[in-house]
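Here are a few exercises to work through with the model open in your viewer. Try each task on your own before reading its solution.

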Amino acid sequence: MEDRVRARITIDFTGMMESLQNQNGFSEAKLQSLQKVLDEAQTALLIRWKAGEIDFSKLLVSMKNQLSEISEYANAVSSKFDNFVVLGIGGSALGPLAVHQALNHYYYNELPPEKRGHRPRFYVMDNIDPVRFSELLQMLDPSKTLFNVISKSGNTSETMAQFLIVRDTLRRVCGDSYAEHIVVTTDKEKGNLLPIALTEGYQRFVIPAGIGGRFSELTPVGLLAAAICGIDVHRLLEGALEMDQWIRETQGVFSNPAQLRAALALLSWQKGKNISVFMPYADGLKTMADWYAQLWAESLGKRYDRQGRVVHVGQTPVKALGVTDQHSQVQLYAEGPDDKVITFVVVEKFKETQEIPIDMKLPEDIRFLGGKTLDELLWAEQKATEYALTLAGRQHQKILLPRLDAYSVGQLLLLLEWETAYMGELLNINAFDQPGVEEGKNGTYALMGRNGYEAKKHEIEEYGKTRYSLNG
């Protein structure tokens with residue numbers, strides 16, 4: 001148990017607190033003053049948890065029990081196919097891609113098969129750009145490719161369009177065996193994809209009914225892709241369960257990491273910090289920032305509160321990467337509008353290191369780097385950026401992962417999901433719906449000729465009659 005405690009994620013919120021260098025920070029008393037509303041939020045969330053409504057947490061144990069089935073299938077198909085392609089959008093794509101990039105070799109697809117453990121190459125088609133999609137199909141041999149179609153409803157226009165193209169291609173290339181090249185992840189009992197899968201004989205995995213896409217990574221949505229590509233899904237869930245227990249069973253803003261992060265987010269938002277920057281200092285976490293951006297934006301950007309009042313709440317998430325974006329964004333963070341709060345994500349121990357050679361003939365301005373390592377340089381750059389922002393009076397905090405492994409990534413996923421749930425309670429909004437997305441979906445259905453959307457199509461066409469444009 002001591003090893004696990006030491007392996008826990010750490011939250012360093014020094015840069016959020018008042019100090020000699022930063023008089024704009026929060027006092028301990030200010031944070032403590034939120035304890036009553038945080039306790040009320042915890043009570044409300046745990047009531048919903050017991051009722052089975054906080055499924056991203058509630059279903060973790062049952063997901064662990066499904067790992068043998070997922071792993072058995074993953075091992076069986078891994079040796080049969082050269083390529084594994086996820087067809088999905090939103091959380092169905094961002095989650096699997098984020099975990100894959102965090103835990104597998106950065107150049108996984110370029111490795112020879114033996115260095116990938118004879119696991120298939122991994123691709124995620126998260127958009128419908130016709131050029132990109134055509135070029136992928138030109139590059140891959142369909143007869144050596146497994147496609148994972150992910151859509152709970154089977155109404156996701158982008159994913160279903162991709163599916164129809166892929167199915168047609170597989171029928172032409174593979175003949176009667178085409179169904180062996182498709183695995184679907186969808187609802188257990190309803191939706192348009194389910195009857196197709198049953199009729200045509202696709203392997204199926206289930207998206208739990210109460211799980212939204214952005215909270216679905218630790219279900220078959222993400223676990224299947226992870227297992228097929230050789231990630232330790234058991235350790236991933238162990239880390240998630242550890243963080244989940246810590247958050248559910250601990251009270252106090254200085255003890256509960258989700259309460260702490262949500263409290264800091266609320267106080268920042270109340271001070272006009274309308275932008276939340278997520279800035280990992282590890283290339284493996286670059287896509288985790290994309291996943292976080294969807295989680296934070298879609299969950300918390302709401303027009304109405306629970307009483308139906310217009311509130312227009314929500315911070316805008318911004319993705320950054322250290323050290324790359326020290327040279328593209330940090331100038332703005334330090335000297336631009338004071339409307340941002342920054343979260344650095346730092347890995348304490350990299351699985352690889354690279355020493356910088358010593359060459360005494362070089363100028364001192366370069367020579368001083370000799371004998372150091374790239375990870376030392378990376379940490380120095382992060383620390384210096386952190387201090388520069390402190391001197392500029394800008395607020396920031398840091399999530400420290402002991403190492404970039406499955407256990408730490410599982411913890412990180414649950415921390416950010418629980419933080420989002422707490423923030424929803426503090427803002428008095430529903431963090432688990434996304435009504436603002438539906439209008440765009442309905443408009444797409446109308447313009448593509450779906451029955452029942454004729455009035456919407458007419459409405460859009462009327463809007464489009466008067467245009468303002470400049471064409472050189």
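**Exercise 1.** In this predicted model, find which residues Glu298 touches, not counting residues up to four places away in sequence.

*Solution.* Start with the contacts: Glu298 touches Arg214, Asp433, Gln434 and Val437. Next, look at the side chains, where Glu298 makes a polar contact with the side chain of Arg214 at 3.0 Å. Then place the residue: Glu298 is found in helix α14, residues 286-300. The relative accessible area of Glu298 is 21%; buried would require under 20%, so Glu298 counts as partly exposed.

**Exercise 2.** Work out where His327 lies, and whether it is buried or exposed.

*Solution.* His327 sits in the loop between β10 (316-319) and α15 (330-335). Its relative accessibility is 69%. The cut-off for exposed is over 50%, so His327 counts as exposed.

**Exercise 3.** Which residues does the UniProt annotation "active site" cover, and why do they not all gather at one spot?

*Solution.* According to the unreviewed UniProt entry, the annotation covers Glu298, His327 and Lys441. They span 144 residues in sequence, and the farthest two C-alpha atoms are 37.3 Å apart, so they do not all gather at one spot.

**Exercise 4.** Describe how strand β12 is paired and how covered it is.

*Solution.* Take one partner at a time. Strand β1 (residues 10-12) runs antiparallel to β12 and is joined to it by three bridges; here Ile11 stands opposite Ile399. Strand β11 (residues 340-349) pairs with β12 in the parallel sense, over seven bridges, and Thr343 has Gln397 as its bridge partner. As for cover, β12 spans residues 396-403, and seven of its eight residues are buried.

**Exercise 5.** Give the strand order of the five-stranded open sheet, then find which strands stand at its edges.

*Solution.* The order is β3-β2-β4-β5-β6, with parallel pairing. At the edges stand β3 (121-125) and β6 (203-206); each has a single partner strand, so one side of each is left without a neighbour in the sheet. Neighbouring strands are turned by 20° against each other on average, direction ignored. For β3, the pairing with β2 (residues 83-87) runs over five bridges, and Arg121 is the bridge partner of Asn83.

Helix α7 (residues 91-103) lies across β2, β3 and β4 (145-150), at about 150° to β3. Helix α9 (residues 157-174) lies across β2, β3, β4 and β5 (182-186), at about 150° to β4.

Notes:
Residues are numbered from 1 along each chain as its sequence is written. This is a predicted model: local features need pLDDT of at least 70, side-chain atom pairs count only at pLDDT 80 or more; totals for chains, interfaces and linings use all residues. Side-chain values use heavy atoms; hydrogens and water are left out. UniProt positions are given in the numbering used here, feature names are shortened, and annotations may be inferred rather than shown by experiment. Helices (H or I, at least four residues) and strands (E, at least two) are DSSP runs, numbered from the N terminus. Buried means under 20% relative accessible area, exposed over 50%, partly exposed in between (1.4 Å probe, protein chains only). Contact means heavy atoms within 4.5 Å. A polar contact is a pair of N or O atoms within 3.5 Å; within protein, one must be able to donate a hydrogen and the other to accept it, and residues adjacent in sequence count only if both atoms are side-chain atoms. Two strands pair if DSSP finds at least two bridges between them. Axes are lines fitted to C-alpha atoms, for helices over the stretch in contact, and angles run from 0 to 180 degrees between N-to-C directions.
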